[in-house]
Amino acid sequence: MTDLSKYRNIGIFAHVDAGKTTTTERILKLTGKIHKIGEVHDGESTTDFMEQEAERGITIQSAAVSCFWNDHRFNVIDTPGHVDFTVEVYRSLKVLDGGVGVFCGSGGVEPQSETNWRYANESEVARIIFVNKLDRMGADFLRVVKQTKDVLAANPLVMVLPIGIEDEFKGVVDLLTRKAWVWDETGQAENYKIEDVPADMVDMVEEYREQLIESAVEMDDDLMEAYMEGEEPSMEDVKRCIRAGTRTMHFFPTYCGSAFKNKGMQLLLDAVVDYLPNPVEVDPQPLTDEEGNETGEHALVDTEEPFKALAFKIMDDRFGALTFVRIYSGKIKKGDTILNSATGKTERVGRMVEMQADERNELDSAQAGDIIAIVGMKNVQTGHTLCDVKHPCTLEAMVFPEPVISIAVAPKDKGGSEKMGIAIGKMIAEDPSFRVETDEDSGETILKGMGELHLDIKVDILKRTYGVDLVVGEPQVAYRETITQVIEDSYTHKKQSGGSGQFGKIDYVIRPGEQNSGFTFSSSVVGGNVPKEFWPAVEKGFASMMETGTVAGFPVLDVELELTDGAFHAVDSSAIAFEIAAKGAFRQSMPKAGAQLLEPVMKVDVFSPEDNVGDVIGDLNRRRGMIKDQQAGVTGVRIKGDVPLSEMFGYIGSLRTMTSGRGQFSMEFSHYSPCPNSVAEKVIAEVKEREAKK
């Protein structure tokens, strides 16, 4: 099929438990892709195919499925709702043309919906709103519509009204056609009747229909004038205006129903066809240079253009490595050679598949607008551009949030080390928000992620999928040491043991250095009391001791050593003797020079709803934070400050508690600063305790 106007690339996203995956299941059933519906609460849904997803009843990684409705092709991506996996939502939105935001009829606009909505705004993705679970206790369609205005600063365009609510919910009235869709209690989507509007709803339907048409005709000046003069626009004209307003995000067509009970789903699918844009109608992706700056050119969605595609997800499964690709322009066939512009290397396309969650259908070719997976790509990572060898280009790259929490892990047995290395390599390729590094100070493997649940799942995958048993520890803060005073001192190394001895005397000044200067050495010796050939030995001896400070054994920063005088012996002096003298001088003088402990301070950026700003700032102050700046936005306030790393462990949990899950934060290393005495004493005691255990 080459008619791009019949394509819809859509994502389904919302807060945890609003019913995204159930909605996806119903879409697949209605479009004939599956015959038996799998329920999330039974751990049997099509798109939640990881063991961890089935067990916990949550979506962890986005899943892609393709299906057809009214001769239109839908590529649907079901995304996670939990804040720890927002990177999955972010990268899915990057390659979609439209979305369905699902909200719970009783829970309303929940915190994670805000984050996902903000991501969708930034990605400029047109959306339809679907208020789900109207059969639930406490469900209220119009209350949720009001919340989307107040909380999300969105403009919902009510397209249907519910007939009945909670236990009484049986269908919806389509405002445009003034017809009621009523389902029976069998739970089958196809068992419905189209009737006249219930008598008690006629006035309400007319009121909301008038609002709907008024909002729609605002998109066309001529129609608006005619409407003001009392001329009713045709159904085609109204739909055309709604489509235009949806595409420019002037408003969001809003539907309701119960995905679980199969009520209201057909109207939602019709709306995807009628109002969400096809790949050609979306603003084309900008092309960038190697530094990531836009060049002014765009990837036009056209099958006749040179091939351009974006790899937006890597997944490793029983069939091998899968690279999910959104094709923006051109065509691709099995056996083609394509260029990865990020690495400059070419790769041959072996197998291509269309995804049905974890099922796959083999393809011989694909074209602009398609979302497919290529099997067995070697050096492709998330965000890489794949293009025609003769027409190299780079699509706008993805920017991923920095990890905010880390834990130390080690395999339980020696054989697990290699297995862990291979497994972690695959996991990093799949998830760009998951990082791994080795702590040079402790030799531990440190896993970094977006939150406790994120790392919990990663450890679980290592154990179950890859069979690596791990010991999971507490993360250690990398403290440092320095000095605060200038000291003049002298040290003599003298050793006589028959035959030639060792002798070296140095006089020196130790000073605190400039910030981030490390260790600097100079000599002002005149008259040859310490011959020049021994100066490097003095520098080497002192520098070698900087790795282990005298306070608690942490590396030492920012010290200047000036060699001022000394003495040597014609026979017994050697480079070794002066190196040993320098080491002795370090041990002797550092404690006298006001040695102190330094702690890493993080630059922290916290997003908080306005109502919780006071609590968040109070909490940061309790964590010894220094608030630097506050910036108010539409949906909340950004608070920037410097906070010691040791106080930030477990912060994500506290922040979510304070802000009902709506707060977010990121942090990065800023600088080292002196520890207060109370903290230093505690750290020194912990170090001594660890040493004693060894």
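The backbone nitrogen of H569 lies 2.6 Å from a polar atom of the S573 side chain, a polar contact (a pair of N or O atoms within 3.5 Å; within protein, one must be able to donate a hydrogen and the other to accept it, and residues adjacent in sequence count only if both atoms are side-chain atoms). This is a predicted model, in which local features need pLDDT of at least 70 and side-chain atom pairs count only at pLDDT 80 or more, while totals for chains, interfaces and linings use all residues. Residues are numbered from 1 along each chain as its sequence is written, and side-chain values use heavy atoms, with hydrogens and water left out.

Where does S573 sit? You will find S573 in the loop between β32 (559-567) and α13 (575-589); helices (H or I, at least four residues) and strands (E, at least two) are DSSP runs, numbered from the N terminus. S573 counts as buried because its relative accessibility is 11%; buried means under 20% relative accessible area, exposed over 50%, and partly exposed in between (1.4 Å probe, protein chains only). Leaving aside neighbours within four places in sequence, S573 is in contact with F503, F534, F568 and F578, where contact means heavy atoms within 4.5 Å.

Now let's turn to a helix. In α7 (residues 221-228), L223, A226 and Y227 are buried. Why are they on the same side of α7? They cover an arc of only 100 degrees around the axis, which puts them on that one side; the arc is that of the directions from the helix axis to the C-beta atoms. An α-helix has 3.6 residues a turn, so residues three or four places apart point the same way. The buried residues of α7 pack against α6 (202-217) and α8 (235-247), whereas D221, E225 and M228 on the other side are exposed. At the start of α7, a side-chain oxygen of D220 comes within 3.0 Å of the backbone nitrogen of D222. Just after the helix, G230 has a positive phi of about 95 degrees.

Next comes a sheet. Four strands form an open sheet in the order β7-β8-β9-β10, with antiparallel pairing. Its edge strands, β7 (160-163) and β10 (192-196), each pair on one side only; two strands pair if DSSP finds at least two bridges between them. Between β8 (residues 171-174) and β9 (residues 179-183) there are four bridges, and V173 has A180 as its bridge partner in β9.

Finally, look at the charged side chains. How many salt bridges does the structure hold? It holds 26, a salt bridge being a side-chain nitrogen of Lys or Arg within 4 Å of a carboxyl oxygen of Asp or Glu. One of them joins K239 and D274 (3.4 Å, N to O). This pair links distant parts of the chain, with K239 in helix α8 and D274 in helix α9 (residues 265-275), 35 residues apart. K239 counts as partly exposed because its relative accessibility is 32%, and D274 counts as partly exposed at 26%.

Another salt bridge joins R624 and E599 (2.7 Å, N to O). Here R624 is in the loop between α14 (613-622) and β34 (626-632), and E599 is in strand β33 (residues 596-608), 25 residues apart. R624 is partly exposed at 26% relative accessibility, whereas E599 is buried at 3%.
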